[in-house]
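These are my notebook entries on a structure that I am reading for the first time. I set down what I looked up, one topic at a time.

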Amino acid sequence: MSSPRNITLIATCAFSLEATLKREIQDLGFTNLSVADGKVEFAAALTDIPLLNINLRVADRVLLKMAEFPAADFDQLFDKVKSLPWEDWLTQEAKITVVGRSVKSKLISVRTCQSMIKKAMVERFKEKFRIDWLPESGAEFTINFSIFKDVAQVSLDSTGPGLNKRGYRVGVGEAPLRENLAAALVLLSDWKWRRGAVSAPLVDPMCGSGTIVIEAAMLARNIAPGIHREFAAQSWPAIEAKIWEEARAKARAAIVPSGNSPTIRGMDKDSRRITDAMTNAKRVGVDRDISFVVQDIKDLHLNEDHGVVITNPPYGMNIGELRELPPLYEALNKAMENKPGWGLYLLTPDKSFMRYFKRGRPDKIRKIYNGPIEANFFSYAASSR
Ligand SMILES: C[S@@+](CC[C@H](N)C(=O)[O-])C[C@H]1O[C@@H](n2cnc3c(N)ncnc32)[C@H](O)[C@@H]1O
């Protein structure tokens with residue numbers, strides 16, 4: 001029997017990835033999702049918290065929504081937070097951390113809001129548990145608040161370290177992509193890896209530590225991104241350990257064996273990056289699904305008739321590096337020149353790229369944030385056969 005969907009969860013993500021995240025959540029069987037900037041909100045059961053944390057590829061974190069209420073002054077904030085049933089979720093020994101932000105609101109000082117929220121929770125605990133002080137000697141519970149136009153949303157973080165931290169990455173070079181952003185780039189491309197679809201090769205000719213190709217291989221083999229890591233909600237008394245075990249066992253059983261996946265190739269001219277990429281791929285168990293080669297993009301050859309290139313070239317953040325970019329773009333243009341069956345998906349803040357890639361206007365340019373950097377995701381779909 002399935003559990004009642006009597007809690008509200010908020011999955012957060014980078015701006016512009018909301019629609020991709022929404023699709024992922026729908027694919028896991030959730031309906032009636034409401035989407036806002038950087039988040040998707042939906043009704044769920046308690047037992048869904050492990051499922052979502054283990055399986056979502058694009059999300060940053062999964063929050064349990066405690067309340068949304070007007071908070072134009074500190075009294076309103078304090079009283080409402082104190083009235084919430086925190087003891088249903090936190091242990092008496094909980095170490096309470098409060099993080100958040102306030103935008104276009106009267107309660108502008110984030111620091112004062114943090115201490116006010118914590119004070120309200122401590123007061124409630126003192127009354128409920130009949131204690132004089134909180135030892136805070138146990139697991140950390142992070143309370144997340146956001147105040148926008150004097151309306152506060154308060155939630156409990158079920159994730160812990162962000163969901164981008166899959167746990168496989170040890171070696172990285174300069175500017176590695178966040179793992180959940182790399183997964184989003186693959187999901188936004190027209191790469192066909194799904195069961196029943198014609199499989200096509202995927203190539204990242206400037207793969208660095210391999211994040212894009214590793215996330216692609218995980219998708220192709222249906223390896224859940226959170227299968228190897230721990231989550232904050234594992235210390236919540238409300239969720240039994242067996243629910244986590246069941247969710248992990250289900251994810252393990254769903255993995256497609258190696259050898260059935262399409263061709264995935266990663267190249268980089270720097271041999272240290274290829275060593276990193278191979279180590280990372282091995283840690284997540286996809287080393288047999290990807291071929292890595294030390295290769296300059298000038299030597300890139302796309303032999304098949306169909307496929308996709310997904311890549312994020314160096315960003316050229318200073319003048320010296322900027323000069324190195326046009327030859328990379330020209331090499332990519334040359335390799336893809338007579339290859340209409342290949343799609344290109346490229347993430348860079350550098351708009352000059354379009355001058356060098358001669359396939360005409362991109363089908364789509366999405367603004368995507370790579371951490372604090374505003375980048376463009378240029379999409380050139382393959383022409384149909
Ligand atoms: C922004 S990084 C890619 C980061 C990667 N997506 C990751 O997550 O680790 C760009 C990569 O392009 C590589 N690169 C620069 N010039 C190249 C060239 N001519 N041929 C191949 N790779 C090159 C660099 O060594 C660097 O690893």
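I began with a helix pair: H5 passes H6 in a right-handed crossing (the near helix is turned clockwise from the far one by less than a right angle; helices are DSSP runs of H or I of at least four residues, strands runs of E of at least two, numbered from the N terminus). I noted that the model is predicted, that local features need pLDDT of at least 70 and side-chain atom pairs pLDDT 80 or more, while totals for chains, interfaces and linings use all residues. Residues are numbered from 1 along each chain as its sequence is written, and side-chain values use heavy atoms, without hydrogens and water.

I then listed the contact (heavy atoms within 4.5 Å): Glu179, Ala182, Ala183, Leu185, Val186 and Leu187 of H5 meet Thr211, Ile212, Glu215, Ala216 and Leu219 of H6. I sorted these residues into 8 nonpolar, 1 polar and 2 charged (Ala, Val, Leu, Ile, Met, Phe, Trp, Tyr, Cys and Pro count as nonpolar, Asp, Glu, Lys and Arg as charged, the others, Gly among them, as polar).

Next I turned to the sheet. I found 7 strands in an open sheet with mixed pairing, in the order E10-E9-E8-E11-E12-E14-E13; two strands pair if DSSP finds at least two bridges between them. Strand E10 (290-294) and strand E13 (364-370) stand at the edges with a single partner strand each, so one side of each lacks a neighbour in the sheet.

E13 and strand E14 (residues 373-380) run antiparallel and are joined by 7 bridges. Arg366 has Phe377 in E14 as its bridge partner.
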